[in-house]
Amino acid sequence: MADATGHLDGNCLAGPLSEILSVEPTTAWWRCPECARSGPLAGLHVYGPEPGLTARCPGCAYIALRLVREGEHIWLTVGGGTGAFRFRTA
Amino acid sequence: MARAAQLGRLTVAIAWRRARLVERRPQTATARSLVLTVPGWPGHLPGQHVDVRLTADDGYQAVRSYSLAAPADADRIELGVQTVPDGEVSPYLADDLPLGADVEVRGPLGNWFVWRTEQTEPVLLVAGGSGVVPLAAMVRAHRRAQSRSPFHLLYSVRTPDEIWYRDHLADGDPRLDVRIVYTRQAPPGSTRAPGRIAPADLEEPTARLEPTSPVYVCGPTGFVEAVGNLLTDMGRDPATIRTERFG
């Protein structure tokens, strides 16, 4: 787990998300349900390293999404819950 | 059939492509420009990046992101690689991958941290170290398009030996204002004492911006955080500040 100064930003999700989305994701607008801050996916703070990436609200650290690669699958969790989508990528 | 064709096109857009290393140029003692040819490359916007995938003989794969350092040029792309000490991928790419060898690339990626030639406002670019790579693509695209949008580049390096793209940044273009900030050791005759970017370094370039002017900040995470905080403290609208962090 990266420390507080070691996060990347949502730009780094462009490649991994391109495997499951057909629309360029970094310009997607997002609003935090916790603190109501809004901005582009590119502005989220991303903690790694791969194969598990967690994108958090830059304001309150609420979990926006988690992306985990496992073999031929990508697991996508939206928000901080435990439900997840599993995409087959190969 | 039409649906299949469309799905096929979308698939191609994100596919891993074979990329051949055709040229390697030193930028600093530890930084390299790598030129690769990528058959079928669709073109890209300045500021975008690619993922590079290396596969070892035993099948182990490593993926890293690298910024595109030059504007689109048919099937040639240029990457900037900074060697990370003890890194798994960067020392290999920087010095060991033979000319003529193939890797895989995926891209272009990211539509947020980009500058488009249609943009007309004055622009401020702030680079920390190797963070200059995607900003160099913007500078070169700006020049190629003969854009009338004034560009200001504030470039923070530790010492004069660590400046990338020297030739591109010092060609006398009146629409490009480049200032180098030295954090450890300044060249002889410098009036500014070595030190990190401070409000005084940002005052003049930000004074020439319009309220809606974009500011692009790229560098290590701590650098990006510090510069972003300085800019918002000076009253810049956070929505105009676009950042790209390296680990």
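**A look inside**

A: The largest cavity holds about 50 Å³ of space, a volume being the space filled by probe spheres set on grid points joined across faces, edges and corners. This is a predicted model, in which local features need pLDDT of at least 70 and side-chain atom pairs pLDDT 80 or more, while totals for chains, interfaces and linings use all residues. Residues are numbered from 1 along each chain as written, chains are lettered from A and ligands numbered from 1 in the order written, and side-chain values use heavy atoms, without hydrogens or water.

A cavity is a set of points on a 1 Å grid over the protein atoms alone where a 1.4 Å probe fits but cannot get out; lining residues have an atom within 4 Å of a point. Searching the whole structure turns up one cavity of 30 Å³ or more. Around the largest cavity you will find P16(A), E50(A), P51(A), L53(A), L67(A), V68(A), R69(A) and I74(A). Six of these lining residues are nonpolar, two are charged and none is polar (Ala, Val, Leu, Ile, Met, Phe, Trp, Tyr, Cys and Pro count as nonpolar, Asp, Glu, Lys and Arg as charged, the others, including Gly, as polar). Strand β6 of chain A, residues 63-70, contributes the most, three residues; strands (E, at least two residues) and helices (H or I, at least four) are DSSP runs numbered from the N terminus.

Now look at an open space. A pocket is an open set of points with protein on both sides within 12 Å along at least five of seven lines. The second largest pocket has a volume of about 670 Å³. Its lining has 23 residues, and R37(A), G43(A), P58(A), P238(B) and I241(B) lie nearest the centre. The elements giving two or more residues to this lining are β3 (38-40) of chain A, and α6 (221-233) and β11 (241-246) of chain B. Of these, α6(B) supplies the largest share, five residues. By class, the lining of the second largest pocket has 11 nonpolar, eight polar and four charged residues.

Finally, see where the chains meet.
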